[in-house]
Amino acid sequence: MDDSLTSVKLSNGLQVPALGLGTWQSPKEEVKTAVRAALDAGYRHLDTAYNYKNEDAIGEVLQEYIKSGKVKREDLYIVTKLPMIHMEPKLVKRSIEMSLKKLQLDYVDLYLIHFPVTLSYDGDDENTFPRTEDGKWKIPEKSDLLETWKAMEELVDLGLTKSLGVSNFSISQVERICKIGKHKPVTNQVECHIYWPQNELLEACKKLGVTITAYAPIGSPGRPDRIKKEDDPIAMEEPIIQKIAKKYGKTPAQVLLRNLLQRGMIVIPKSVTPERIQSNIKVFDFNLTKEEMDEIGGINVKRSFFNFMGNMCENHQERPF
Ligand code: NAP
């Protein structure tokens, strides 16, 4: 079997487990159950963010597993993200320190800029998405993405993170960072699933030595209603996916994940349901044929479920989409 897909080598020589647990919208009590189930099932890669407000609950379980000797810190791959309200360079180090404290860790394995647009910081660390009166995100008069990146680089030099990355960045934004960076981004975490395959971004990032981490890999069926449209397609119900799942005796979710892994991506499916968490990692014991990969690639419905974020910051020079 094709074990080579279980991990991905990054441009800085480090390895990342190709499948991790997503934790967006996982409330504290549920995320504890989820992380325990994931670690027990063999997950070593966890994806969180300052903005998810669950780092402290994840930290509790990590401590529990490390202290009891069930896992070793060096075998874990912990990812968190710089919130948009802390992108002013002078706030960056304090922000990762806040995350590390909650996670009860000395370092994370990967620290990402969550989104390329800086939001106004008014001293309230809980107000992660400040709004203007018209409901849009509140944007400061000046911000400079490259200066934020330089502040991120200091975190590697200080040993607070092993690697750096970006999220929701456009091709030109990744290129700009790669050009100036002393430490290059090892990944760009972006929306990616059968309806939003990111072919162009994947190719461009590959050339730059930047991996793609696919968020919403099974189509984010639990995303909030306010961002759902009535005619949004449902990836797990897509007939081609169901047909292939039946052939291999796999679930549609497993086929969706395997498809992205075979495209060379890292995937971070979210679940708080232990059975689903256990099943989502069982994707390394079957192989989609080239014909099946092509058939999935040929699904002609194209739809982003997260482009609303671009609409929230229409006038910002770094709006990525
Ligand atoms: P997703 O992983 O595609 O879908 C998660 C949803 O699918 C949850 O509602 C989950 O339900 C359900 N689910 C999971 N496994 C299933 C299975 N085997 N069968 C049926 N349903 C299943 O979408 P996502 O959470 O939007 O994205 C994944 C992760 O990417 C996030 O959690 C987060 O870590 C990251 N992310 C990052 C960004 C960013 O801006 N960087 C944006 C979005 C997401 P239950 O939990 O109820 O089981």
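Residues are numbered from 1 along each chain as its sequence is written. Because the model is predicted, local features need pLDDT of at least 70 and side-chain atom pairs count only at pLDDT 80 or more, while totals for chains, interfaces and linings use all residues, and side-chain values use heavy atoms, with hydrogens and water left out.The ligand has 29 residues around it, and D47, S220, K270, S271 and T273 come nearest; a residue counts here if one of its heavy atoms lies within 4 Å of the ligand. Sorted by class, this shell holds 13 nonpolar, twelve polar and four charged residues. Nonpolar covers Ala, Val, Leu, Ile, Met, Phe, Trp, Tyr, Cys and Pro, charged means Asp, Glu, Lys and Arg, and the others, Gly among them, go down as polar.

A ligand oxygen sits 3.1 Å from a backbone N or O atom of T23, and another pair puts a polar side-chain atom of N168 2.9 Å from an oxygen of the ligand. For S167, a side-chain N or O atom is 2.8 Å from a ligand nitrogen. The protein buries 90% of the 900 Å² that the ligand exposes when taken alone (Shrake-Rupley method, 1.4 Å probe).

As for the sheet, eight parallel strands (DSSP E runs of at least two residues) make up an open arrangement in the order β3-β4-β5-β6-β7-β8-β9-β10, where pairing takes at least two DSSP bridges. β3 (21-22) and β10 (266-267) are at the edges with a single partner strand each, so one side of each has no neighbour in the sheet. β6 (residues 108-113) runs parallel to β7 (residues 161-167), joined by five bridges, and I113 has V166 of β7 as its bridge partner.

Note on methods. A polar contact is a pair of N or O atoms within 3.5 Å; within protein, one must be able to donate a hydrogen and the other to accept it, and residues adjacent in sequence count only if both atoms are side-chain atoms. Helices (H or I, at least four residues) and strands (E, at least two) are DSSP runs, numbered from the N terminus.
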